[in-house]
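Welcome! Please take a moment with the sequence and the structure below, and then we will walk through them together.

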Amino acid sequence: MTNQSVREPDETPPFFEAVAQSFDALSGHLREMLSVAEINASFVREMVRSNEQNVGSVESMYRELQQSAALSEEAAAHVETSSHKVSETSQTVLTSRRAMEEMTRSLAEMQQQFVSFRGLFDKVTDAARRIAETVKEIDDISGLTHLLSLNAAIEAARAGEHGKGFAVVAGEVKKLAERSKSLTDQVGALLGSLSGDIQSSSTSLAAYEGTKDAVTSQLQQTQEDIARSAEALAVIDSEVRAIAASIEQQAQNADQLSAHMGALQSSARLFADSSRHIIASMEHQQRSGREVARIEAAQRTLIRSAIREYSGESKPDTSGTVETTVAIGHDIAYPPWVYLREGQSAGLSISVIDALSRHLGVRPRWEGAEFEQIIQRFTAGDLRMIANVGWPNAMFDGLPVIATDPYAVFEPVVFVHASRKPTDTHVAPDFFAGKRIAAQRGSYTLNCLDDSRIEMVPVNNDIDGIAKLIWQQVDGVITDRLVGRHLARTYFSSELAEATDTCATLEVVMVLHEHDAPLVKRINAALADEAIRGEIASIFTRALDGAPASAG
C-alpha cells in the first residue's frame, strides 16, 4: 500500500484556500458592482419619474403659452381699437376746445355790446327822470295858472261892466291851465308807465348780467376742464400706443417662446419615451444581476461547505476553545457602518469587530449581501454571526438568537435638501407636520416620528429616499445621522443637510446563535475592556474626521 498524507482536522487544503480567497474577492467586487447598480437604478428611476412630471409641466406650460399668445394677440387688437378711439376722442375734445374758445370770444364781444347798451339804457333812464321832473314843474305851473284864472274871474265879476274883457281873458287862461293839466297828466301817465318799463328792464338787465357772469365763469371752467382733458387724453394716447407696442412685442415673444417650448416639449417627450427603454434595460440588468448574485451565493455555499468538510470551520464553541475563523455576515447597503469598498467589507462595524477579533484571537471571514439574505444564511447555519444590527429588532422575533452588548448607537435624524433647509439651526420634528418624509421599509426609523401628523413614505432603501428628496417628491428623509452624512458626501455632493436633532436612539449589536453563548460572553468581556473601548472610540473619531461618535 502506498503511504498517503494524513490531513490535520483544522487544516484547509491550499487549493480550496486559494479558490476561496479568489472567490471572496470576486464575490466582493460583484456585490459592490450590484450595490452601485442598485443605487444608480434607484436614482435613475426617480429621475425618470420626475422627468415624466416635468413633461406634464412642460405640456401644461406649452398650452398656457399658446393661450397667452392668443390672449396677447386679442389684447393687441383691443388696445389698437382703444388707441383709435382715444385718437378720435382727442380730436373731438380738440374740436370742442376750439368751439369753446370761439364761444368765449363771442361772449367777450357780447359783453362789450352789453356794456354799450347798458350805458345807453342808463342815459334813457336819466332823461326820463329829468322829463318827469320837468312835467312835475309844468304841472305845478298849470295849477298856479288855474288858481290865477279863478282869482281873475272873481275880480272881473266885481268890476262889473268894466271887467268883462278881463273875464274873457281869465276864461282863456283857465282853459289853458286845464289843457296844460290834461296834457301833463297824460305825460305823467306815460312817464309812469315808462318808469315801470325802465325799472323792469333794469331788473332784467341785472338778472341777465348775473346769468352772463355765471355762464362766463362756467364757460371758463369748462374750457379749463377741456384743456386738462385734452392733456390727459394726449398722455393716455401716448401710453396706449406704448402699451400697444409692448403687447405687440409680448405677442411676438410669446410666439417665439411658444415655438421654443414646443421644441422643448418634443425633446422632453422624446426623452421620456427613451427613458422607458432605459428603465426596461435597467430592470433587465437588475434581473440579470440578481441571477448572478443567486449563482454566486450558490457557488459560495458549495465552496464553504467543502471547506467546512475539510477544516471543521465555525463549529459552535461549547467548551471555551478559541476558534480560528468565524463567518460573519453584514448588510452591504448601510454605509459608513457596513458596506463594500473595492470588493472588500468595510465600515465602522467592520473595524470594530476586526479590533475585537484581534483581541479574541479569531479571524473573521466577512460575507456581505442584502440584509434579508444575510438573515436567511444565518438561519441556515452558513453564518456564525451578523454584524451591525439595530437592537431590538423585529426581524429576529421568534428566532433562537442572542445579542451582544452594544458597541454604538444609531441616531436617526431628518435630512432635507441643503437649499431648502428651514433655518440654520435644527428644528423640532413637529415642524414637518403635514409633510412627506421618506423612511426605509422595516426600519426602526418609521417609529421615530408621529405618523399621525407626518406622512411617512416607505422606500426600499435610503438611496431611494434621498433620490426622492433630490427630485422634490418628498420633503425629507429620515435615516441614521452617519448614514445620511456618508451618502450626502459620497453620492450627492453634500446636497443634504441635517434638519432635526436625534429623534430616538437604537443600540448597535452583533447577533449570534443562541448556542453560541460562550462566544457572546467573551465578546461582551472584550467590549467591557477599557483599552478596547478606547480603540473603538478612536475608530469612530477617525472615521468622522475628528467628530466623536456615540459609542457604547
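The largest cavity is lined by Val326, Ile328, Ile353, Leu356, Ser357, Leu360, Val362, Met385, Met510, Leu519 and Ile523. A cavity here is a set of points, on a 1 Å grid over the protein atoms alone, where a 1.4 Å probe fits but cannot get out, and lining residues have an atom within 4 Å of a point. Helices (H or I, at least four residues) and strands (E, at least two) are DSSP runs, numbered from the N terminus. The biggest share of the lining comes from α3, which gives four residues.

What is the volume of the largest cavity? It is about 80 Å³, where a volume is the space filled by probe spheres set on the points, and grid points are joined across faces, edges and corners. A search of the whole structure finds two cavities of 30 Å³ or more. Sorted by class, the lining of the largest cavity has ten nonpolar residues, one polar residue and no charged ones. In this scheme Ala, Val, Leu, Ile, Met, Phe, Trp, Tyr, Cys and Pro count as nonpolar, Asp, Glu, Lys and Arg as charged, and the others, Gly among them, as polar.

Before going further, a word on the model. This is a predicted model, in which local features need pLDDT of at least 70 and side-chain atom pairs count only at pLDDT 80 or more, while totals for chains, interfaces and linings use all residues. Residues are numbered from 1 along each chain as its sequence is written, and side-chain values use heavy atoms, with hydrogens and water left out.

The axes of α3 and α7 come within 10 Å and cross at roughly 105 degrees; axes are lines fitted to C-alpha atoms, for helices over the stretch in contact, and angles run from 0 to 180 degrees between N-to-C directions. α3 and α7 are therefore roughly perpendicular to each other, a label for angles of 65 to 115 degrees, with those under 35 counting as roughly parallel, those over 145 as roughly antiparallel and the rest as oblique. On the α3 side, Leu356, His359 and Leu360 meet Arg522, Ile523, Ala526 and Leu527 of α7, where contact means heavy atoms within 4.5 Å. The residues of this contact divide into five nonpolar, one polar and one charged.

Stepping back, the protein chain has eight helices and 14 strands. Of its 552 residues, 37% count as buried, meaning under 20% relative accessible area, with exposed being over 50% and partly exposed in between (1.4 Å probe, protein chains only). Among contacts between residues at least 6 apart in sequence, 77% join residues at least 24 apart.

Where do we find a helix that is largely enclosed by the rest of the structure? That is helix α5 (residues 462-470), so described because nine of its nine residues are buried. Among them are Asp462, Asp464 and Lys468. Just after α5, Gln472 takes a positive phi of about 60 degrees.

Thr479 has 3% relative accessibility and so counts as buried.

Next, helix α4 (residues 371-379) holds Ile375. With 9% relative accessibility, Ile375 counts as buried. Apart from residues up to four places away in sequence, Ile375 touches Ile386, Met395, Phe396 and Leu399. Ile375 and Phe396 are 21 residues apart along the chain, and their C-alpha atoms are separated by 8.5 Å.

Pro336 sits in the loop between β2 (333-334) and β3 (338-341), while Pro392 is in the loop between β6 (385-391) and β7 (401-403). Strand β6 also contains Asn388, which has a positive phi of about 60 degrees although it is not a glycine. Asn388 counts as buried, at 7% relative accessibility.

Note on methods: On a 1 Å grid over the protein atoms alone, a cavity is a set of points where a 1.4 Å probe fits but cannot get out, and a pocket is an open set with protein on both sides within 12 Å along at least five of seven lines; lining residues have an atom within 4 Å of a point.
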